[in-house]
Amino acid sequence: MTTAIVTSKGQIVIPSKIRRRLNIKRGTKLYIEEKGDELILKTVTPAYFEKIAGVLLTKGKLSKALIQEREKDKKIEG
């Protein structure tokens with residue numbers, strides 16, 4: 001079992017062995033999920049977004065709207 005200590009600012013240090021194994025580097029964003037009395041940390045990567053795709057049950061409507069909006073922006077930008 002690996003442990004970490006919480007600082008007065010609420011910060012923790014992830015041990016280097018774990019950081020290397022999970023490729024966590026400076027600036028890596030982490031998603032924090034609270035499950036009962038547990039905290040679950042997950043790295044925010046493209047794979048993470050693919051995994052949660054469809055959670056909102058919008059059937060792609062939001063994605064299509066964003067793509068259309070971006071296409072309009074590209075036309076305006078030239």
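These are my notebook entries on a predicted model of one protein chain.

**Ground rules**

I number residues from 1 along each chain as its sequence is written, and my side-chain values use heavy atoms, with hydrogens and water left out.

**Entry 1: confidence**

I looked up pLDDT, the predictor's confidence in each residue, from 0 to 100. The chain has a mean of 84, and 83% of its residues reach 70 or more. Which element has the lowest mean pLDDT? Helix 2 (residues 46–52) does, at 68, whereas helix 1 (residues 16–21) has the highest, at 94. A reminder to myself: where pLDDT is low, the predicted coordinates should not be read in detail.

**Entry 2: overall layout**

I took helices (H or I, at least four residues) and strands (E, at least two) as DSSP runs, numbered from the N terminus. I found three helices and two strands, in the order α-β-β-α-α from the N terminus on.

Next I checked burial, where buried means under 20% relative accessible area, exposed over 50%, and partly exposed in between (1.4 Å probe, protein chains only). Of the 78 residues in the chain, 5% are buried. I also looked at contacts, meaning heavy atoms within 4.5 Å. Among those between residues at least 6 apart in sequence, 3% join residues at least 24 apart.

The accessible surface comes to about 7800 Å², and carbon and sulfur atoms account for 57% of it. These areas come from the Shrake-Rupley method with a 1.4 Å probe, and for residues only the protein chains shown count as cover.

I then followed strand 1 (30–35) and strand 2 (38–43). The two run antiparallel and are joined by six bridges; two strands pair if DSSP finds at least two bridges between them.

Thr-43 and Leu-30 are 13 residues apart in sequence, yet their C-alpha atoms are 4.5 Å apart in space.

**Entry 3: Glu-33 and its lysines**

I counted two salt bridges in the structure, each a side-chain nitrogen of Lys or Arg within 4 Å of a carboxyl oxygen of Asp or Glu. Which residue does Lys-42 pair with? Lys-42 meets Glu-33, with the closest N and O atoms 3.5 Å apart. Lys-35 also forms a salt bridge with Glu-33, at 4.0 Å from N to O.

Lys-35 is partly exposed at 49% relative accessible area, and Lys-42 is partly exposed at 29%. Is Glu-33 buried or exposed? Glu-33 counts as buried because its relative accessible area is 17%. Shared partners join Glu-33, Lys-35 and Lys-42 into one network.

Glu-33 lies in strand 1. Setting aside neighbours within four places in sequence, I found Glu-33 in contact with Glu-38, Leu-39, Ile-40 and Lys-42.

**Entry 4: the nonpolar patch**

I searched the surface for patches, made of residues with over 30% relative accessible area and no salt bridge; like charges are joined within 9 Å, and nonpolar side chains (Val, Leu, Ile, Met, Phe, Trp, Tyr) within 5 Å. One nonpolar patch of about 560 Å² is made by Val-6, Ile-12, Leu-30, Ile-32, Leu-39 and Leu-41. Strand 1 and strand 2 are the elements that give two or more residues to this patch.

I checked one member, Leu-41, which sits in strand 2. Leu-41 is partly exposed, with a relative accessible area of 40%. A point to keep in mind here: in a regular strand the side chains alternate between the two faces of the sheet.

Last, I noted Asn-23, which lies in the loop between helix 1 and strand 1. Asn-23 has a positive phi of about 55° although it is not a glycine.

Note on methods. This is a predicted model: local features need pLDDT of at least 70, side-chain atom pairs count only at pLDDT 80 or more; totals for chains, interfaces and linings use all residues.
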